[in-house]
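Hello,

Here is the structure I promised to pass on. My notes on the ligand and metal sites follow below it.

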Amino acid sequence: MMEETWRETDRFICGLLVPSDPALEEALRSSAAAGLPDIQVAPNQGMLLHLLAMAIGARRILEVGTLGGYSAICFGRALPQGGHMVTIEADPHHARVARQNIASAGLADVVEVREGLAADVLAQIGAEATGAYDLVFIDADKRNAPLYFAWALRLTHPGSLIVVDNVVRRGALVDAASEDPDVQGMQTLMRDLGSEARVKATAIQTVGLKGYDGFAIALVRHDVDGKAG
Ligand code: SAH
Ligand code: DHB
Ligand code: MG
């Protein structure tokens with residue numbers, strides 16, 4: 001019963017605060033028609049990602065886990081002229097649907113879908129040394145989130161944000177006995193966030209259209225000796 005109240009409240013919030021974006025709605029329709037799982041961020045969460053990118057004036061965004069391109073479009077809409085986004089997707093079918101959705105949103109020149117396993121593509125990006133990213137969104141296989149966080153640290157600069165989806169997993173995060181590698185991945189990630197001197201981080205539980213889950217947000221610090229930023 002509470003879960004229906006969470007969903008109803010998300011619909012209320014979205015109705016008032018998240019203007020309809022025909023390209024996002026079409027992305028949801030075409031993703032569903034293509035058989036993609038319904039696991040993209042909720043519209044109000046997509047707006048949060050959009051607002052975070054706008055708030056820091058992000059010009060270069062990196063996403064790990066594209067699916068049908070829903071969150072990528074939310075980020076792409078936040079980029080200024082000359083901005084660029086790379087989003088990584090291992091599944092060729094997902095990547096194809098995403099490229100189509102991104103093109104329909106008018107973002108084909110701005111958002112690049114790189115197909116491949118994230119660990120491989122991140123290593124390629126690291127080797128290309130194309131410049132640091134202002135915001136990294138980690139939303140692929142949860143078991144490898146600590147690896148993606150380590151790459152995010154290498155590919156960002158002081159002032160960058162690193163955002164991680166699905167850190168709570170219906171509370172599984174606190175199950176110390178969990179043998180689920182995805183849960184263990186998030187537990188390791190949280191320990192890494194807590195012990196990594198280069199970031200200041202928090203995690204927030206969320207409820208709503210996507211059930212009970214959470215985001216982690218880390219700011220790459222300007223100094224690591226404790227005081228400012
Ligand atoms: N960010 C999207 C949702 C991503 S769902 C949104 O909110 O709109 C997670 C995606 O990560 C899936 O499309 C899945 O195919 C992809 N994925 C899973 N493991 C991966 C890996 N090792 N490398 C790259 N992508 C992966
Ligand atoms: C799953 C992945 C996600 O990125 C998400 O937001 C929800 C669920 C999943 O793999 O089940
Ligand atoms: Mg997710």
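Donors here are N, O and S atoms within 2.8 Å of the metal (3.2 Å for Na, K and Ca), and water is not among the atoms, so sites may look incomplete. The model is predicted, so local features need pLDDT of at least 70 and side-chain atom pairs count only at pLDDT 80 or more, while totals for chains, interfaces and linings use all residues. Residues are numbered from 1 along each chain as its sequence is written, chains are lettered from A and ligands numbered from 1 in the order in which they are written, and side-chain values use heavy atoms, with hydrogens and water left out.

The metal site: D139 (OD), D165 (OD) and N166 (OD1) coordinate the magnesium ion (ligand 3) at 2.0 to 2.2 Å. Along the chain, these donors have the spacing D-x25-D-N.

Now ligand 1: among the 21 residues around it (a heavy atom within 4 Å), G65, S71, E89, H94 and D139 come nearest. Its polar contacts (pairs of N or O atoms within 3.5 Å) include one from a ligand nitrogen to a polar backbone atom of G65, at 2.8 Å. Another ligand nitrogen contact, at 3.2 Å, goes to an N or O atom in the side chain of D141.

Best wishes

Definitions and conventions
A polar contact is a pair of N or O atoms within 3.5 Å; within protein, one must be able to donate a hydrogen and the other to accept it, and residues adjacent in sequence count only if both atoms are side-chain atoms.
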